[in-house]
Amino acid sequence: MRKATTDTLPAEGGLGNEPLLAVEDLHVEFHTRPGIVRAVNGVSYSLNPGETLAVLGESGSGKSVTAQAIMGILDMPPARVPKGEIRFRGTDLLKLSDEARTQVRGQRIAMIFQDALSALNPVFTVGWQISEMFRVHRGMNKRDSVKKAIELMDRVRIPAARQRVNDYPHQFSGGMRQRIMIAMSIALDPEVLIADEPTTALDVTVQAQIMELLAELQRESNMGMILITHDLGVVADVADKIAVMYGGRIVENAPVHDIYASPAHPYTKGLLESIPRVDLKGQDLYAIKGLPPNLLDMPTGCAFHPRCPYRQDNCVTDTPPLYEISGTRGSACHYWREVLDGDQG
Amino acid sequence: MATKGERILEVRDLVKHFPLNQGIVFKRQIGAIKAVDGVSFDLDRGETLGIVGESGCGKSTLAKVLMALERPTSGSVMIDGKDIGRARGGELKRMRRNIQMVMQDPYTSLNPRMTVGDIIGEPYDIHTEVAPKGDRRRKVQELLEVVGLNPDHINRYPHQFSGGQRQRIGIARGLALQPEIIVCDEPVSALDVSIQAQVINLLERLQNEFDLAYIFIAHDLSVVRHISDRVAVMYLGKIVELGKDTEIYDKPAHPYTQALLSAVPVPDPEGREQRERIILQGDPPSPANPPSGCRFRTRCWKAQEICAEEEPLLQIREGTAHESACHFAETHDVVHVG
């Protein structure tokens, strides 16, 4: 079944009550030889201008697949989106024609990847790769586009941009390469920036530089940012709100202060108790027992039940919906009240 | 056998330079990568020394030299009073029994064509005196049980295990010869957060059970704080600060340590606006051509003329209780708010 497509581009200007980006009940599955892998099972989140949403999860939780679906860079097939909406300024991106989608991708929603070395083309200079954005999308000539590339390299604080514009990716350090990636992603002033583990491959001091740069760029342009990460520390530093993913679902969402002060899902609680902290000594590390679920063979009911200390009989049979705790918080646990109380006690 | 608290590893002025050659037919040396450049420390039985530093600071080269996988350019690595760097043949083999390694990546450090039993039992092929042939299978099963794996899985292959389980296999292999020292090079950095805690807890339990001494190399300062008794901070081939974990984390004296600690994100949004952050500019210089004097001076906000002229030695300085290599060392808590 193929959905009707439209060429109408998302509107510009004011937003009204509509969030900048809203993912509604998104499902993504991959048809592979051993069977159907349901990587994303009904994910919903929204993002407003100037806001930072952190999507937290371990490998296989579906956090990157959701982002790739928003960007429209999933390989289809094997991937399929059987259900769901991705509304950008009120327009469902999944219903757009390929051409209209290309207009959005990179220009209005941009993405930074984890591994800058493999995301950059080794046989072209970085200046050429950055300026390509302006030639392809803005129809600029070579001279003007390179001038813009140098401006951008300055803006992401690459020292001696004018001298380095003709260097190749391998001549830059890891942190500088990530800056080049950021320069490319912000080149066309996107409204949404998706950063997929932007600092995971970097040293802590460089990580601090990059996160500071991203925060500054966000302040300047009021972009909405989706930060995909597994690092609870980075999230606590920069996020406004958090969506925790497990087994292709959002298990908890909340404003950043609430989730660290009193998690409402056993998985979030376990994660927070399992990480060592640089400012504390002698704490006992709680280890979540067992392993993340196999996506080919998901547990019945709540996907977390085999590892959960709060498990009751109905967790094995009934999949918990995302219960509303307050206007801004939700937890996909039948026993979220007990989890919240246990934390206080 | 040595008793608790006794010194079992002494590293003195350890240097490892990798030559940089030019020319194909007539090779000549045009310089050297100074990966490890004068490192000294001790390790006691049952103790954990954490080594932290950014990529390129020489911490993995240090691990290789300790394991005698690389010969030191100069300096000594004394294990129970004997220098492993100069040992050869049978003597080296005997010494290696005493120091084993756990690698970073559990996906590439296990041979995919060998069963778990063969992987863990392989050290016994080399050191036949530890376990007679008929006894090996039982020993391997014991080891599997010790690291929390099912002994019945002895005939499985690595791909049948998850990342955390594979790291347990790597740890079991490290334990096989009953070493006194285990060098862990980034043992949890390839694992998911919920699995990291399992492996860290396992390493701590094994330490108590077998009185092991760990050299724990990692770039994650929170993990190192959790597991270490003492911590060494490395920058460009040298130790810039060395002391008890509480000294290093709560009263860091070297500017680099302070910058490093302030950059670590704390998983607690309370007071995130008040936290002090020292953002270092630029990247570390090349270890082929380190700056004169203090190596950190090119990125240091305290640098004066003396820093370029005179190299600061690693010693206890005024107002601090542990060793640091800075002319202007001054303790300053950057981790805690308020």
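Helix α7(A) passes α8(A) in a right-handed crossing, a crossing being right-handed if the near helix is turned clockwise from the far one by less than a right angle, and left-handed if anticlockwise. Helices here are DSSP runs of H or I with at least four residues, strands are runs of E with at least two, and both are numbered from the N terminus. This is a predicted model, in which local features need pLDDT of at least 70 and side-chain atom pairs count only at pLDDT 80 or more, while totals for chains, interfaces and linings use all residues. Residues are numbered from 1 along each chain as its sequence is written, and chains are lettered from A and ligands numbered from 1 in the order in which they are written.

Two packed helices are described by the angle between their axes and the distance between the axes. For α7 (residues 174-186) and α8 of chain A, the axes come within 10 Å and cross at roughly 15°. Axes are lines fitted to C-alpha atoms, for helices over the stretch in contact, and angles run from 0 to 180 degrees between N-to-C directions. The crossing angle makes α7(A) roughly parallel to α8(A); angles under 35 degrees count as roughly parallel, over 145 as roughly antiparallel, 65 to 115 as roughly perpendicular and the rest as oblique. On the α7(A) side, the contact is made by A:G174, A:G175, A:Q178, A:I182 and A:I186, and these meet A:V206, A:Q209, A:I210, A:L213, A:L214 and A:L217 of α8(A). Two residues are in contact if their C-beta atoms, placed from the backbone, lie within 7 Å. Sorted by class, this contact has seven nonpolar, four polar and no charged residues. Ala, Val, Leu, Ile, Met, Phe, Trp, Tyr, Cys and Pro count as nonpolar, Asp, Glu, Lys and Arg as charged, and the others, Gly among them, as polar.

Helix α3(B) contributes B:V116, B:I119, B:I120 and B:P123 to the contact, and α5(B) contributes B:I169, B:A172 and B:R173. By class, six residues of this contact are nonpolar, none polar and one charged.

The contact between them takes 37 residues from chain A and 36 residues from chain B. On the side of chain A that touches chain B, the elements giving two or more residues are α8 (204-221), α9 (232-238), α10 (256-261) and α11 (266-274) of chain A. The largest share of that side, six residues, comes from α8(A). By class, the side of chain A that touches chain B has 18 nonpolar, 11 polar and eight charged residues.

Chain A as a whole has 13 helices and 12 strands. Its C-alpha trace spans about 65 × 55 × 45 Å along the principal axes. With 345 residues, a compact globule would have a radius of gyration near 20 Å, and the 21 Å of chain A agrees; the radius is taken over C-alpha atoms, and the globule rule is 2.2 Å times the number of residues to the power 0.38. Among contacts in chain A between residues at least 6 apart in sequence, 65% join residues at least 24 apart.

Burial comes next. Buried residues make up 45% of the 345 residues in chain A, where a residue is buried if 20 or more other C-beta atoms lie within 10 Å of its own, exposed if 12 or fewer, and partly exposed in between, with C-beta atoms placed from the backbone. Eight of the nine residues of helix α1(A) (residues 63-71) are buried, so this helix is largely enclosed by the rest of the structure. Just after α1(A), A:G72 takes a positive phi of about 70°. Helix α11(A) is mostly covered too, with seven of its nine residues buried.

Most residues other than glycine have a negative phi. A:D189, although not a glycine, has a positive phi of about 50°; this residue lies in the loop between α7 and β7 (192-196) of chain A and counts as exposed, with 11 C-beta neighbours inside 10 Å. In chain B, phi of B:D211 is near 55°, and B:D211 counts as partly exposed with 15 C-beta neighbours inside 10 Å.
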